Amino acid sequence: MEKFVVSARKYRPTVFSHVLGQPHITTTLKNAIKDNHLAQAFLFCGPRGVGKTTCARILAKTINCQQITAGTEPCNACESCSNFDQHSSFNIYELDAASNNSVEDIRSLVEQVRYPPQAGQYKVYIIDEVHMLSHAAFNAFLKTLEEPPSYAIFILATTEKHKIIPTILSRCQIFDFQRIQPQAIVQQLKHIADQEGIIYEEEALHLISQKADGALRDALSIFDLIATFGAGKEVTYQATLENLHVLDHTYYFKLTDALLQGDIPGALLLYDEILRTGFDGRYFIGGLSEHFRSLLVCQDRATLQLLEAAKSIQERYQEQAAQASPSFLLSALHLVNQCDIHYKSSQNKRLHVELTLIELAQVLHPASVSPSVTTAQPQPVPPQAVPVTVSQPNSPIPTAELRKDAHIGSVTSQKSLNLKPTPVSAKQDSLQATIKLPQLDQLKASISQKTNNKANNSSPAAASVTVQQPPLTKETVMKYWYAYAEQLKASGKLPAYRLLHQDIELEGATILVKFTNAVQEDVLADIKEDLLAYLYTNLQHTNLDIKGTLIKQAKQKKPYTAQEKFNYLAKKYPNLLSFQKRLGLEVVD
């Protein structure tokens with residue numbers, strides 16, 4: 001029975017021309033060999049699985065080749081190349097710095113450098129994962145790396161360049177390897193599948209390349225896994241989805257269709273189906289944002305090349321992109337991004353995602369409600385009926401994030417929709433949960449308008465008289481101030497609660513708050529907007545403002561020496577001085 005060799009080893013490049021996706025590296029190395037401008041030390045850095053160790057081995061093999069080709073490639077026929085292919089070359093040493101990272105290991109390596117090669121021109125030392133060396137090992141390696149013998153060449157490889165000390169970096173020629181493009185990975189997988197006689201679906205290869213994230217070794221490992229799942233005969237799209245646990249594009253296409261139609265129940269049911277298949281909300285939100293991004297790049301033929309997908313899926317993206325406007329996609333991306341940012345801190349993560357889906361469905365259909373609820377045509381709202389959402393003392397605290405979505409502010413409350421009297425349903429409650437709170441300037445305008453209307457209705461002559469704001473007292477302000485502080489405590493915002501749970505000063509319409517450090521100043525800045533909105537609504541006063549004052553606390557010097565300790569105690573207990581004098585005692589350090 002023939003021993004199985006994984007594709008990452010079986011199809012590992014042996015010449016520079018077979019290296020995938022790194023033309024800037026291979027061209028530079030071949031020119032250096034051709035012009036005899038080889039440095040004494042190289043540093044190959046970049047992501048995993050992009051060819052760092054492979055290029056190091058090809059470089060070591062080429063410079064010792066006895067018959068280098070015209071294209072500056074190893075001949076793979078001479079004695080040196082044969083020994084290298086059989087892993088029996090005495091001129092090439094590989095060291096794994098992850099397991100040999102001590103000073104003793106580097107000293108042993110330095111001892112070997114003293115001996116010239118028995119055959120060939122160079123002795124090449126390849127140190128992989130060099131960032132794992134200890135600081136002492138790096139220092140022990142500095143002198144040899146800076147002034148090695150003429151026959152010694154060091155090739156260092158690492159995935160974490162930032163962990164290497166600057167003195168090592170300054171002694172090396174640095175080559176930065178790039179992630180391999182998905183299309184190049186797909187072409188390589190096609191080549192391997194043809195060589196192995198494996199039937200494949202192009203959509204499956206594209207999915208593997210996207211999952212590999214630019215690492216060819218990862219792509220080959222996944223390819224072997226899927227081929228084994230298909231008994232070594234085929235690689236199908238469905239088998240790739242099942243093995244990689246990837247959410248199918250079909251779900252995102254269906255969900256986008258539902259959002260474009262304003263179908264809230266359909267979107268929620270589809271999300272429930274996704275959860276039942278084993279995917280969490282964070283993964284779903286990430287995929288949805290990527291889907292909207294793909295639709296956005298399909299809006300223009302110039303950016304169509306940024307879409308990394310199979311041709312059949314590209315056509316589907318183009319069809320759906322033609323149905324969605326750029327404004328919808330930008331609004332959707334903003335909402336999904338906000339959902340992703342606040343997902344981790346949300347207590348009810350499922351509800352958090354569902355509210356986002358409801359808002360997405362209302363971007364194009366602001367009045368979309370349950371089919372069982374009939375709505376009349378929107379009527380003009382009279383000036384005195386400007387809808388203002390009033391936060392009661394026990395109501396949830398308005399969040400600043402909800403008011404940042406200015407382009408979604410067209411979602412009106414149920415009061416302004418003039419709904420006919422119908423039984424209240426659960427979907428009406430979910431719609432009501434998405435109503436946006438007004439901004440501070442809107443609250444000011446609405447409260448002033450109500451006050452002016454009352455003055456106009458009470459007396460015709462009062463129209464030209466400036467209406468005075470209701471008087472403010474410290475007791476009234478403190479009542480709502482502490483009520484808001486209790487809401488902060490209930491929501492788990494203890495630093496803000498401690499800041500507000502103090503006595504305040506009132507100068508006219510300005511509330512003065514005292515804090516003792518800069519952290520409290522940042523806490524006040526975070527809650528100031530919501531707090532003012534709450535006070536505007538309940539106090540009906542639009543001139544309120546909040547200012548903080550930093551109070552520097554005097555540092556008490558603690559007694560340190562024996563004399564200072566005695567003076568402190570004598571000040572606290574005066575009889576101690578008379579006791580010292582009567583007994584003739586002295587203070588000794």
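Is Val6 buried, exposed or partly exposed at 36% relative accessibility? That is taken up in point 1. The model is predicted, and the notes below follow a few of its residues.

1. Val6. The relative accessibility of Val6 is 36%, so Val6 counts as partly exposed. Buried would need under 20%, and exposed over 50%. Val6 is placed in the segment before helix 1, which spans 7-10.

2. The patch around Val6. Val6 belongs to a nonpolar patch on the surface, along with Phe4 and Val5. Together the three residues have about 270 Å² of accessible area.

3. What surrounds Gln22. Leaving aside residues up to four places away in sequence, Gln22 touches Val50, Phe177, Gln178 and Ile180. Asp176 is 154 residues from Gln22 in sequence. In space, the two are 9.5 Å apart, C-alpha to C-alpha.

4. Aromatic pairs. How many aromatic pairs does a search of the whole structure find? The count is 13. One of them joins Phe42 and Phe175. Their ring centres are 5.8 Å apart and their planes meet at 40°, so this pair is tilted. Phe42 is in strand 1 (residues 41-45), while Phe175 is in strand 5 (residues 173-176). The pair therefore ties together parts 133 residues apart in sequence. Phe42 and Phe175 are both buried.

5. A pair between helices. Tyr484 and Tyr534 also form a tilted aromatic pair. The distance is 5.2 Å centre to centre, with 50° between the planes. Tyr484 sits in helix 21 (residues 474-490) and Tyr534 in helix 23 (residues 518-539), so the pair links parts that are 50 residues apart in sequence. Tyr484 and Tyr534 are both buried.

6. An aromatic cluster. Phe42 and Phe175 return here. With Phe44 and Phe177, they form one aromatic cluster.

7. A charge over a ring. Which ring lies under the charged end of Lys349? The ring is that of Tyr343. The charged end of Lys349 sits over the Tyr343 ring, 5.8 Å from its centre.

Technical notes:
Residues numbered from 1 in each chain as written. Predicted model: local features only at pLDDT ≥ 70, side-chain atom pairs only at ≥ 80, totals over all residues. Heavy atoms only, no water. Phe/Tyr/Trp six-rings, centres within 6.5 Å; stacked < 30°, edge-to-face > 60°. Helix = DSSP H or I, 4+ residues; strand = E, 2+ residues; numbered from the N terminus. Buried < 20%, exposed > 50% of the residue type's maximum accessible area, 1.4 Å probe, protein only. Lys NZ or Arg CZ within 6 Å of the ring centre and 35° of its normal. Patch = residues over 30% accessible without salt bridge, like charges linked within 9 Å, V, L, I, M, F, W, Y side chains within 5 Å. Areas by Shrake-Rupley, 256 points an atom, 1.4 Å probe, with all protein chains shown as cover. Salt bridge = Lys/Arg side-chain N within 4 Å of Asp/Glu carboxyl O. Contact = heavy atoms within 4.5 Å.
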